[in-house]
Number of protein chains: 2
Amino acid sequence: MKRVTMAEVAAMANVSKSTVSQYINNRFEYMSEETKLRIENAIETLQYRPNYVAKSLKQKQTSTIGVIVANILHTFSTQVIRSIEDFCRESGFHVIVCNADDNPEAEKNYIDMLRAKQVDGLIVFPTGGNMELYESMVEEKYPLVFVDRIVKDVRVDTVLLDNERASELAVDHLISKGYRRIGMITTSLHRNITPRMERINGFKKSLNKHSLPVRESDYAGVEISDMKQTLQRMFAQSDPPEALIAGNDLTMMEILKFAKAANLAIPDQLALVGIDDVSFSEIYDPPLTTVRQPAFEIGKRAGELLLRQVKEGRQDEGRVYRFTPELIIRSST
Amino acid sequence: MKRVTMAEVAAMANVSKSTVSQYINNRFEYMSEETKLRIENAIETLQYRPNYVAKSLKQKQTSTIGVIVANILHTFSTQVIRSIEDFCRESGFHVIVCNADDNPEAEKNYIDMLRAKQVDGLIVFPTGGNMELYESMVEEKYPLVFVDRIVKDVRVDTVLLDNERASELAVDHLISKGYRRIGMITTSLHRNITPRMERINGFKKSLNKHSLPVRESDYAGVEISDMKQTLQRMFAQSDPPEALIAGNDLTMMEILKFAKAANLAIPDQLALVGIDDVSFSEIYDPPLTTVRQPAFEIGKRAGELLLRQVKEGRQDEGRVYRFTPELIIRSST
DNA sequence: CTGTTAGCGCATTCAG
DNA sequence: CTGAATGCGCTAACAG
């Protein structure tokens, strides 16, 4: 811990603490050049650095926000985080990132911890498993923004992808390429997690739009750990899908593993389009067609919404901001 | 900001603040069951949550450490971070992660910021560009641990890979597979960054060990942005390398891009081994042979060393802890 | 077993 | 233009 305090600087410069404080906060308006210099010197020779903790206690704000992601393994999460950090840094805010690992209890712990640390606001990719907590924050008008997932019946600004459109882009593209038997697989649907549900719904709707049947055996939402056998079952059918949509990046990895193990040539035996970009989309063989989320814009918007809340207080909350996905056609389709 | 304070709880429970404080900190030894219950109730109905900022100010410790990585784009960094976080959480410490983006100035800003926030210690992947700062921290006996890179002439505990051994593993393997013309490419060597230098040195030494010549035209350390043309030049030779070692994960991506563009079959026309694992090693076609770092152990050790310093004060500093790499043979060689 | 007291380091009136 | 005084919310002796 740094030991030198404002008092020592004041003593050395022969001024009072409050004068030093003014100097620190750039309020030199009524300060003589001379005192300014004396303070400057004292700070320099003493190597003084102001203590944020004390400042925060006094000012009742830490200039820090918390970000809690449901699962940091998703590329999307890391991209949004970077974007939030960049935006907040420009506004003089720090950000503390936590990973809830899709576990509501961990999420609760982090929310409590972060609030105990007096962060000025929270951006969360909600697990959805802490309704009471979310509600209590809304009631207290605590600055809060959700990302990626909608929580029903809680009035919190939420920014996320137009997920149905993402699936539609994928399906339309596949159909334009001549595929008719199209399947989709994604991570578990059990907890009704927004992007997964919406993407599956979008998938079904798009199939309907094209008057194609939705076969129960051709889509699924299962844990990553069960994906392998789900795929095996799906492709053990006499007429398996000719094309598959990966509901997210982690799912894409599993499909790729499966395709390799099953020796399925892409795209000849199995066409693939992934929702969410993956780092190796371009260099994979074949390069992977994906639907990318505008992660940068999403993060920035979340940051803007949150900082507005912390600066101006809550208002207009409960809005949902949708962002448009983009299809990047490569060679897996 | 949460408004209810300890004083209100005390008032409601008809006890003094200090009694509430004791309760909060689980020091019930001398507390009657009855007061305990009253306090419990008061806390519950008031929804009281202690303010960490105030506590930190008083106790002169935040139970928070900072981690500054040189470049978060490396998979290795993210793995080490997770490992540090897991370890610290178990010990009741929080961690704040910052990315210096290989920029010494950004690093300095983060170090200053984190110290102003009174973090109890720092784990840094040093850029190497802030000697005075590092030295001043050593002088102040500020808890500090370096990861991945050695900074000359600064007595700071450092944990990193046995980089020369990593290259040796790669070279030995390649040679055992019959390759003789072996090259290596990695990111810029300009700033003498430890892992890069050591890996290149290990590469040369291993070649010597096998009595193979080290050809200037077969290895290079260049910025990611220049890698493409460096590779083009290297492979424009009449007798280009038959095998290439990627100095790190980002480099591997570039080589893969190049190989794809140049239509080089792996491993037939070009064998590849990467130092650092990449997410898609297993599913790439062909699966990539890599040398992996024990990132989990490295992070854990860094956490242990730092927490020991914060708890027991600095001592024994300046030790270098080397970890052994592991060769994972897949099919790119 | 519980209350009193005294700061932690800083920002902020309000005088002078 | 500068200084004295006050308190943010909490902990830690030390009394009682």
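In this predicted model, B:Ser211 sits in the loop that links helix 9 (194-209) to strand 7 (219-221) of chain B. The backbone at B:Ser211 has a positive phi of about 60°, although the residue is not a glycine. Most residues other than glycine have a negative phi. B:Ser211 counts as exposed because 6 other C-beta atoms lie within 10 Å, and the limit for that class is 12 or fewer.

A:Asp101, in the loop between strand 2 (94-99) and helix 6 (104-116) of chain A, has a positive phi of about 55° and is not a glycine.

Another loop residue, B:Tyr142, is placed between helix 7 (131-139) and strand 4 (144-147) of chain B. B:Tyr142 has 19 C-beta neighbours inside 10 Å and is therefore partly exposed, as 20 or more would be needed for a buried residue. From B:Tyr142 to B:Val273 there are 131 residues along the chain, and the C-alpha atoms of the two are separated by 40 Å.

The peptide bonds also deserve a look. Most peptide bonds are trans. In chain A, however, A:Asp285 and A:Pro286 are joined by a cis peptide bond, with omega at about 0°. A:Pro286 belongs to the loop between strand 9 (271-275) and strand 10 (289-292) of chain A. In chain B, a cis peptide bond with omega of about 0° connects B:Asp285 to B:Pro286, and B:Pro286 is found in the loop that runs between strand 9 (271-275) and strand 10 (289-292) of chain B.

Attention now turns to the packing of helices. Two packed helices are described by the angle between their axes and the distance between the axes. In chain A, the axes of helix 10 (residues 224-234) and helix 11 (residues 249-261) come within 10 Å and cross at roughly 40°. Helix 10 of chain A is therefore oblique to helix 11 of chain A, given that angles under 35 degrees would count as roughly parallel. The crossing of these two helices of chain A is right-handed. On the helix 10 side of chain A, the contact involves A:Ile224, A:Met227, A:Lys228 and A:Leu231, which meet A:Leu250, A:Thr251, A:Glu254, A:Ile255 and A:Phe258 of helix 11. By class, this contact in chain A comprises 6 nonpolar, 1 polar and 2 charged residues.

For chain B, the axes of helix 10 (residues 224-234) and helix 11 come within 10 Å, with a crossing angle of roughly 40°. This makes helix 10 of chain B oblique to helix 11 of chain B, and the two pass in a right-handed crossing. B:Ile224, B:Met227, B:Lys228 and B:Leu231 of helix 10 make the contact with B:Leu250, B:Thr251, B:Glu254, B:Ile255 and B:Phe258 of helix 11. The residues of this contact in chain B are 6 nonpolar, 1 polar and 2 charged.

The two protein chains also touch each other. Chain B brings 30 residues to the contact and chain A brings 28 residues. On the side of chain B that touches chain A, at least two residues each come from helix 4, strand 2 (94-99), helix 6 (104-116) and helix 11 (249-261) of chain B. Helix 4 of chain B gives the most to this side, with 5 residues. In terms of class, this side of chain B has 14 nonpolar, 7 polar and 9 charged residues.

DNA strand C is surrounded by 25 residues, of which A:Met6, A:Ser18, B:Val15, B:Ser18 and B:Thr35 are the closest. Helix 2 and helix 4 of chain A, along with helix 2 and helix 4 of chain B, each give two or more residues to the surface near DNA strand C. Helix 4 of chain A contributes the most to this surface, with 5 residues. The surface near DNA strand C is made up of 9 nonpolar, 11 polar and 5 charged residues.

Around DNA strand D there are 25 residues, and A:Val15, A:Ser16, A:Ser18, B:Met6 and B:Ser18 come nearest. Helix 2 (17-24) and helix 4 (52-59) of chain A and helix 2 (17-24) and helix 4 (52-59) of chain B each supply at least two residues of the surface near DNA strand D. Here the largest share, 5 residues, is that of helix 4 of chain B.

Methods: Residues are numbered from 1 along each chain as its sequence is written. Chains are lettered from A and ligands numbered from 1 in the order in which they are written. This is a predicted model: local features need pLDDT of at least 70, side-chain atom pairs count only at pLDDT 80 or more; totals for chains, interfaces and linings use all residues. A residue is near a molecule or strand if its C-beta atom, placed from the backbone, lies within 6 Å of it. Helices (H or I, at least four residues) and strands (E, at least two) are DSSP runs, numbered from the N terminus. Axes are lines fitted to C-alpha atoms, for helices over the stretch in contact, and angles run from 0 to 180 degrees between N-to-C directions. Angles under 35 degrees count as roughly parallel, over 145 as roughly antiparallel, 65 to 115 as roughly perpendicular and the rest as oblique. A crossing is left-handed if the near helix is turned anticlockwise from the far one by less than a right angle, and right-handed if clockwise. Two residues are in contact if their C-beta atoms, placed from the backbone, lie within 7 Å. Ala, Val, Leu, Ile, Met, Phe, Trp, Tyr, Cys and Pro count as nonpolar, Asp, Glu, Lys and Arg as charged, and the others, Gly among them, as polar.
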